[in-house]
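Hello,

Here is the structure I promised to pass on. My notes follow below it.

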Amino acid sequence: MAHFITSPAPHVHSGDSVRRNMLLVILALLPAYVASVIEFGWGALITAAISILVCVCTEYLINRYVLKEQRQTIGDLSAVLTGLLLAFNLPSGIDWWIVVIGAVVAIGVGKMTFGGLGQNPFNPALVGRVFLLIAYPAQMTTWPTPQGFDTKYIDAETGATPLYYLKQMLATGDSSVIDQLPSLADSFWGVMGGSLGEVCAFALIIGGLFLICARVITWHIPVSIIATVALFAAVTGWTGHLPEAMTTGDYVLYSLLSGGLMLGAFFMATDYVTSPMSAWGKIIFGVGIGFIVMVIRTWGNYPEGMSFAILIMNACVPLLNKIRPQRFGEKKK
Amino acid sequence: MRTFKIGGVHPRDNKQFSAHQPITECPLPKQAIIPLVQHIGAPAQAVVKEGDKVKVGELLAKAGGFVSANICSPVSGTVTKIGDWTDAWGAPGQAIFIDVEGDEWLPEINRKPDLERQCTLEPQAIIDKIAAAGIVGLGGACFPTHVKLLPPPGKKAEVLIVNGVECEPYLTCDHQLMLEHGEEIMIGIKILMKALGVQRAIIGIENNKKDAIEHMQKLAQSNLGIEVLPLKLRYPQGGEKQLIDACINRQVPSGALPIEVGAVVDNVATIFAVYEAVQKNKPLISRVMTVTGKYVAKPGNYRVRFGTPIDEVIAMAGGVPAETGKIIGGGPMMGRAMDHTEGMPANKRLSGLLFLSETESVRPEQENCIRCGKCVQACPMGLEPYLLSRLSELEMYDELEKHDIMDCIDCGCCVFTCPAHRRLLDGIRPGKAKVGAILRERAAAAKK
């Protein structure tokens, strides 16, 4: 009697895979990466290469020698993505050994200690970044001014980021710093100082829209973050907390286009593992991030708070996962 | 275009292999095997004994309870054995074995192909005829049809919803039936409307069957109260609750039957059987089965008498392809993979045979859950499959009940969509069975 393969239904699969999703996110990051290579030249290439290489090696070595897993997981490309995202969150001219430490912390502490992909409560790339920000505050806030391949990798000409000036303006009410800000167009296209991958809002938005269209992420998290930040900035303007030289509309746009906001909203906060499952969970998560980042930017010690905002909301995810999706046939309360 | 509101997935429909293949009669077998369980509910009780001569249409076994169904003989010949039998999945049961002799039908069965349009019977007489004919839902669940037509006291049906969706990939038997027997289905709908006392019927058809939509629309023009509703392609639209949501925008509450929102749902194949039973006195003795798959030599739609060994049906379609790894009874989303084909007969439950090659048959290795939430987005019942699966593994039955595991309809959307290839349903099914048992125990204890 011939026997055939048996297994429970369903017998077909969508063809989706972890690797495919990671690959699509990496693809979506490429426009922003190209922009940053154009802005920062060699620094962008070297920093990203080191970060990715060290992330992948760390995961491989921990899997093989510490966890003694039979199956390697680097093929799912999540370590590559973490490496790329970590590099996006570093200044392009940072010393190579700091990148190495950041990558080891991101994968080693942020991801593998919890059991690898899917188990980590915090976004690994941000764990690496925040570790570096606290351990090497000077190097982590030295931003090369963009001069393309003329930007020196080491000892580059440096300057402050737009968020630093915005902070000055809010703190002192001094409108003279407004002249130091890049134009809104430059902010949009990314001709300004900042972390390696965060500067070109245009490229990040293109990549983010691609991810939404490809159904890799949903709109809930990015839209709720952006809407909350815009509303917070608008309220700041309407309640008369801005100098006269800065209109509310401009302040809203600067808030959205500077710092890690677009990078965070589309690529960091939407990390599958560390964001909520249900639609309402995602919206609350996004609103929380938007609110916290603006609180830090307005009253905190750091000019930028995207990393902290995302990590704080990461910690709330188990709680947010208690929110049930709308059940079929359930009366709306 | 309308569809249901929550979740759902888009599997490739792969209907091209057997679509538009005319329904072909499968020849009579030498021996027929008639299982006594071919429906949901109590097994039927045999009323014949070994050595009895039977004709086509004669009652072999009568319904064994309120939710149960008659089984009529699909062949003529001699009953040789009533006894143990094992199905293609290894489950034991009882079956009646008949040696086939000729093809002699009961005289009251009208075998002429002419349409019988007039039905003067009273509603109760119609329902009695349907019950006598042993008709069950041929869409997959096999719920006895006459039971659906008797709403519980205080409930009233408002609309008959006709399921022409056939959302399972690969299957084309309902599609072909609508194309070839649309008029009979229309008369069947009229009969059911009369039995239920409703003025309105909606035929839901997914728009990957444009010719069936057009054909049924043309026929519906001359039938007051019957409308054809094209539906956007989306699985599991043929699920009862999803179809009601898509057609009349009402959501059947958790644990309730469609009658709660005034709807009764019947599949087109079931309705064709109703026509034959009421107008032609012909009980349910055969059905159309789709035999299909990429490597099948002659994929098609075959009308098969129940009891015919499926090996003979497979032979009609050109035999088991050499590449075969898996044979599925039904469609690829909810069908069951057979261990073997020997001794397995066609029956009311078997809507098709799907052959998958070895490479199509192997389930990819599971990876860690990456908490992407795609299973939550895909679940048409608004459940959290990742959570249910985990809670089932941990045997946390109270939590499972609180998270509405009993609402799971087993559609497979979560497993289909999971990028980490998690076998979520492998965990959820046993959890649901256990919670169901706990609930029944509790209900029994409450009665005492």
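Helices (H or I, at least four residues) and strands (E, at least two) are DSSP runs, numbered from the N terminus. This is a predicted model, where local features need pLDDT of at least 70, side-chain atom pairs count only at pLDDT 80 or more, and totals for chains, interfaces and linings use all residues. Residues are numbered from 1 along each chain as its sequence is written, while chains are lettered from A and ligands numbered from 1 in the order in which they are written.

Confidence comes next. pLDDT is the predictor's confidence in each residue, from 0 to 100. Chain B has a mean pLDDT of 94, and 100% of its residues reach 70 or more. The model's ipTM is 0.89 and its pTM is 0.91.

Now the backbone. Most residues other than glycine have a negative phi, and most peptide bonds are trans. Look at these exceptions:

- A9(A) to P10(A) is a cis peptide bond, with omega near -5 degrees. P10(A) sits in the segment before α1 (18–40) of chain A.
- Y235(B) to P236(B) is also cis, with omega about 0 degrees. P236(B) is in the loop between β11 (226–231) and α5 (240–248) of chain B.
- N249(B) has a positive phi, near 55 degrees. Its place is the loop between α5 and β12 (263–267) of chain B.
- N281(B) has a positive phi, near 60 degrees. Find N281(B) in the loop between α6 and β13 (286–292) of chain B.

Are these two asparagines buried or exposed? A residue is buried if 20 or more other C-beta atoms (placed from the backbone) lie within 10 Å of its own, exposed if 12 or fewer, and partly exposed in between. N249(B) has 11, so N249(B) is exposed. N281(B) has 18, so N281(B) is partly exposed.

Best wishes
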